[in-house]
Amino acid sequence: MNILLATAEVTPFAKVGGLADMAGALPKAWAQGGHNVIVILPLYGTIDTEKFGIVKTDMLVDVPFGTWTEYAEVWQGTLPDTSIPVYFLRSSDYYDRPGIYGYHEGFEDNDRRFIFLSRAIFEVARALDFRPDVVHAHDYHTAPCMPMLKVHYHSDEFFRHTAGVFTIHNMAYQGMYDPQRAMEFCGFPASEFYTGSWYEQDGIFNSMKAGILFADKITTVSPTYAQEIRWTPEGMGLQGALQSRGADLIGILNGIDAATWSPMHDKHIAVPYDADSLKKKDINKKALLKEVGISAAEMKRDLPVVGMVTRLTEQKGVSILAACIESFVANDRFRLVILGSGEAKYEDLLKNLAYRYPNHVRVGTGYNEPLSHMIQAGADFYLMPSKFEPCGLTQMFALAYGTIPIVRSVGGLADTVQDYDPITFAGTGIRFHRYTGEALQHALETALRLYKREPHWSHMRRNAMAQDHSIVTTAQRYVEVFGWAQEARR
Ligand code: ADP
Ligand code: GLC
């Protein structure tokens, strides 16, 4: 099958969150399964072309944009350690600046930047003579590919067999734009925008809604989230649109790339280990504490370590953590190591805590790939008290590293972490339900009771490490859905 993956993020070139991990890992698994894959994303000013061997091709694509035509250079690289081609759109007007989405507010011309990307991918495919069986778009950035496929390319001989699949990674960001501008940039008649139309939500252009309604099939990143977004406020206002697509909306659980995330083969950690050599996890714990500046004398007191690696947004539950953490650290119950970047108010709150409890709270900010691995290997527990969580990858990394997840039971967290049961010895972590500091406090108490309490501690860690969340299974599910999308092609 010819698969064209269109996205705003791909690891290791441009990453903000898990979308990049998925866009980097799925193509590898598809290629191993014998499919032809190309990946297209913008050449942001932050991408290090030299480091990744990304070179300019002689392709300059014409991109119909509104009633005029714009141009983009096409640069080419490959996904690391593969021959899978990645095409980068270079446009000095749109992408040649630091930042993927902008700073706290987002760039003012994000409508133009991502509508341009959505349109350009078709023209790159044509220039490459790559006839996609499926265009796989991700999140609001490339959601406009779905209506474009049906409106502009439906009767285009080149795209005769192309189906559109739209994957939702997060309903919280919908690409809501000024309708006049967005309809024009997309090349759609202004008259097609009216109350109740497929582009409209609350009077504005909504990329996510259009993606949902025009796609041949829609997927989201966990089965539980697929239900939540239809039937609860997690649909963020688009429940009606999602319900109207009925069985076309499928939850496919994300997976992880074992080449990058396995404690036996992780190049960032102090010593490799597996389920039979869990003692070595202690060496990684010490290495982590040293890395974050805990003194050797202090380290002699072996407290449990709770880790977090996260975007600092409302989604990730920092406020309920703030509501209950103090009593734990003030009473010497555990150490907390957080790597996070995002909203200033959360960064400040955590830094303040670290300032007051330097032996108990350590905070890393900015994007730090090696430290993110060291936390997974060195922590005893991994905390994810999310308000909502479409899937979440870091709790799956934690499971693979024998680091016990403490999670709120929502979205993909509910699908990947089973509550430990001391009667049957089954389960992989600790779950809680209500979104309150109290509920989290209770879960942390349960976790501390289980810490190093045998035989439970060993059972829990082994159960966690025995979980299989391979990207290969995930990738196969997508191919199945691509097949259904082709049958359903409208
Ligand atoms: P989300 O996509 O909502 O941010 P996920 O759990 O799906 O959540 O994916 C987050 C990804 O980003 C993981 O690969 C995680 O390790 C990584 N990550 C998040 N924050 C940082 C950071 N500050 N430094 C390095 N990696 C980070
Ligand atoms: C989103 C979600 C996260 C998910 C990731 C990859 O950013 O917030 O839960 O794991 O996308 O699908």
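Predicted model: local features only at pLDDT ≥ 70, side-chain atom pairs only at ≥ 80, totals over all residues.
**Entry: the overall chain**

I looked up the secondary structure, and the protein chain holds 19 helices and 18 strands. Along the principal axes, I noted that the C-alpha atoms of the chain fill a box of roughly 70 × 45 × 40 Å. I then checked the radius of gyration, which is 23 Å for the protein chain, and this agrees with the value near 23 Å that a compact globule of 490 residues would have. For burial, I recorded that 59% of the 490 residues count as buried.

**Entry: ligand 1**

I then turned to the contacts made by backbone atoms. A backbone N or O atom of Gly 18 lies 2.6 Å from an oxygen atom of the ligand, and a backbone N or O atom of Thr 394 lies 3.3 Å from an oxygen atom of ligand 1. On the nitrogen side, I found a nitrogen atom of ligand 1 at 2.9 Å from a polar backbone atom of Gly 366. Taken alone, ligand 1 exposes 560 Å², and I noted that the protein buries 93% of that area.

**Entry: ligand 2**

Around ligand 2 I counted 13 residues, and those that come nearest are His 169, Asn 254, Glu 389, Cys 391 and Gly 392. By class, the shell around ligand 2 divides into five nonpolar, six polar and two charged residues. Looking at side chains, I found an N or O atom of Glu 389 at 2.5 Å from an oxygen atom of ligand 2, and an N or O atom in the side chain of Asn 170 at 3.3 Å from an oxygen atom of ligand 2. From the backbone, an N or O atom of Cys 391 lies 3.0 Å from an oxygen atom of ligand 2. I recorded that ligand 2 exposes 310 Å² when taken alone, and that the protein buries 93% of that.

I then moved to helix H19 (residues 471–488), where Gly 483 is found. Gly 483 has a relative accessible area of 19%, and because the buried class covers values under 20%, I count this residue as buried. Gly 483 and Ala 163 are 320 residues apart in sequence, while their C-alpha atoms are 9.1 Å apart in space.

**Entry: backbone geometry**

I searched for cis peptide bonds and noted the one from Thr 11 to Pro 12, with omega near 10°; Pro 12 lies in the loop between strand E1 (2–6) and H1. I also noted the cis peptide bond from Glu 454 to Pro 455, with omega near 5°, and Pro 455 lies in the loop between helix H17 (437–450) and helix H18 (456–465).

Next I looked at positive phi values in residues other than glycine. Asp 81 has phi near 60° and sits in the loop between strand E4 (68–78) and strand E5 (85–90), where I found it exposed at 84% relative accessibility. Phe 425 has a positive phi of about 65°, and I located it in the loop between helix H16 (411–416) and strand E18 (430–432). With a relative accessible area of 31%, I count Phe 425 as partly exposed.

Definitions and conventions:
Residues numbered from 1 in each chain as written. Chains lettered and ligands numbered in written order. Heavy atoms only, no water. Polar contact = N/O pair within 3.5 Å; in protein donor to acceptor, adjacent residues only side chain to side chain. Areas by Shrake-Rupley, 256 points an atom, 1.4 Å probe, with all protein chains shown as cover. Helix = DSSP H or I, 4+ residues; strand = E, 2+ residues; numbered from the N terminus. Rg over C-alpha atoms; globule rule 2.2 N^0.38 Å. Buried < 20%, exposed > 50% of the residue type's maximum accessible area, 1.4 Å probe, protein only. Near = heavy atom within 4 Å. Nonpolar A, V, L, I, M, F, W, Y, C, P; charged D, E, K, R; others polar.
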